[in-house]
Amino acid sequence: MKNEKCVNITGLDTLDMPQIVRLELSNTCNLSCPHCRHHSPQKKADDNYEYYRRPIHMTEEEAGSIIEEVAPYKASFTLNAANEPLTAKAQLFAIRKVKELGLAGLFNTNGLLLTEKIARFLVDIEFDSVNFSIDAMTPETLKKARGISTLDKLIEKVELLINERGERMFPRIGVTFVKMDYSYHEIPAFLEFWKKRVDVIRISGFIKALRPDISILPGTTKEDLPERVPCKQLFREILIRANGDVTPCVISAERTNIVVGNIFKDGGVRSVWHGKNMQKLRELHNSYKWGQISYCAQCDFWVESFDMKDEERDGFLIRTPSPYTTFYNVKEKLDNWNKNLHDRQGMAGLS
Ligand code: SF4
């Protein structure tokens, strides 16, 4: 990565409300991917953070209160985090609510629970964007990545939504691929295959052992990093779990019990967003003392705070915020592209 050592981000302001709300409407999933920490026995241990010890679903009332509170600020919503959104009881309610209030939304799904009825609902409601996690070009690689071999089934589900959409514009449909040592070589074929079918392909770097260390990404070293800057995640996004707990960012969300407040117990989104715990983290970042925060000290994901780099090649508008994330937007399918939604930070592959 060559760049931006000269880019100057001296300090970031706290917005009135987050621009991006990541809402994990349940802590449940229908798969047990081998790399996913959420299924580990340690997570479910009796002495661990209680959120992971039993299935939890946010209620429609709770989800509605969050969406209504931020709606006047025009935040956009990612309606999943580390869960499978189509297992969440309030998922369809939240999708409807987001659109009723004129907001933009997306979710990432393994797609297996997508039915014709849900696909029609997403098209009829003109939901903005759905990304399918595929991660493989062969059943063998899929088995390693997701613990299942039914690649044809996943492809079928993406095609179900494509067909249901027909000539209509929404949702914008994407597929994602997390680069692993065993799958990296499949990326060219993956791009070629999906370019003919979907609107966007996102390739994400893998984050190993909870530490976003950029040097494990192929072709990248620590020396390539620009000078470190405050991390945009803390100033632009909020991640809310199904029990209302808020964790500072997508990376800390992977550590079980980092909680800066609770939406339902601490007075709502605004109150937690401006609460002393979030403000303390922001102050440390704006004074370049991120090393005092254990999870930030070890994290290179702040590098996504810089602007995207653009390149047009092979029929794609390729947008790259950092070596962790690359969006391959199919050039002839940009009509449904929304800058506020599709330029957001990718959720890199985590394990
Ligand atoms: S530096 Fe990493 S851990 Fe810290 S807020 Fe940013 S993304 Fe999260």
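Visitor: What makes β11 and β12 a hairpin, and which residue in the turn has a positive phi?
Guide: In this predicted model, β11 and β12 have two residues between them and pair in the antiparallel sense over five bridges. Two strands count as paired if at least two bridges are found between them, so the five bridges between β11 and β12 meet that condition. Within this pairing, Glu 312 stands opposite Leu 317 in β12. The turn residue with a positive phi, about 55°, is Asp 314.

Visitor: Why is Asp 314 called exposed?
Guide: Asp 314 has 12 other C-beta atoms within 10 Å. A residue is exposed if that count is 12 or fewer, and therefore Asp 314 is classed as exposed. Asp 314 lies in the loop between β11 (309-313) and β12 (316-322), and it has its positive phi although it is not a glycine.

Visitor: Why is Tyr 51 called partly exposed?
Guide: Tyr 51 has 19 other C-beta atoms within 10 Å. Buried requires 20 or more and exposed requires 12 or fewer; the value for Tyr 51 lies in between, and therefore Tyr 51 is partly exposed. The loop between α1 (41-44) and α2 (60-70) holds Tyr 51.

Visitor: Which residues does Tyr 51 touch, leaving aside those up to four places away in sequence?
Guide: Tyr 51 touches Asn 27, Ile 56, Arg 241, Asn 243 and Asp 245. Asn 243 is 192 residues from Tyr 51 along the chain, yet their C-alpha atoms are separated by 7.3 Å.

Visitor: How do you know that β12 and β13 are paired, and in which sense do they run?
Guide: Five bridges join β12 to β13, and the two strands run antiparallel. The requirement is at least two bridges, so β12 and β13 are a pair. They form a hairpin with two residues between them, and the bridge partner of Leu 317 in β13 is Asn 329. Strand β13 (residues 325-330) also pairs with β6 (residues 200-204), in the antiparallel sense over five bridges. There, Val 200 stands opposite Asn 329.

Visitor: What makes β10 and β11 edge strands?
Guide: The twelve strands form an open sheet in the order β10-β9-β8-β1-β2-β3-β4-β5-β6-β13-β12-β11, with mixed pairing. The strands β10 (261-262) and β11 each pair on one side only, and they are the edge strands.

Visitor: What makes the peptide bond from Phe 170 to Pro 171 cis?
Guide: Omega of the bond from Phe 170 to Pro 171 is near 0°, and the bond is cis. Pro 171 is located in the loop between α6 (151-165) and β5 (172-178).

Visitor: How many residues of each class does the shell around the ligand have?
Guide: The shell has ten nonpolar, two polar and no charged residues. Among the residues around the ligand are Gln 233, Ser 252, Cys 296 and Trp 302. Cys counts as nonpolar, so Cys 296 belongs to the nonpolar class. Both α8 (233-236) and α11 (294-297) supply at least two residues of the shell.

Methods:
Residues numbered from 1 in each chain as written. Predicted model: local features only at pLDDT ≥ 70, side-chain atom pairs only at ≥ 80, totals over all residues. Near = placed C-beta within 6 Å. Helix = DSSP H or I, 4+ residues; strand = E, 2+ residues; numbered from the N terminus. Contact = placed C-beta atoms within 7 Å.
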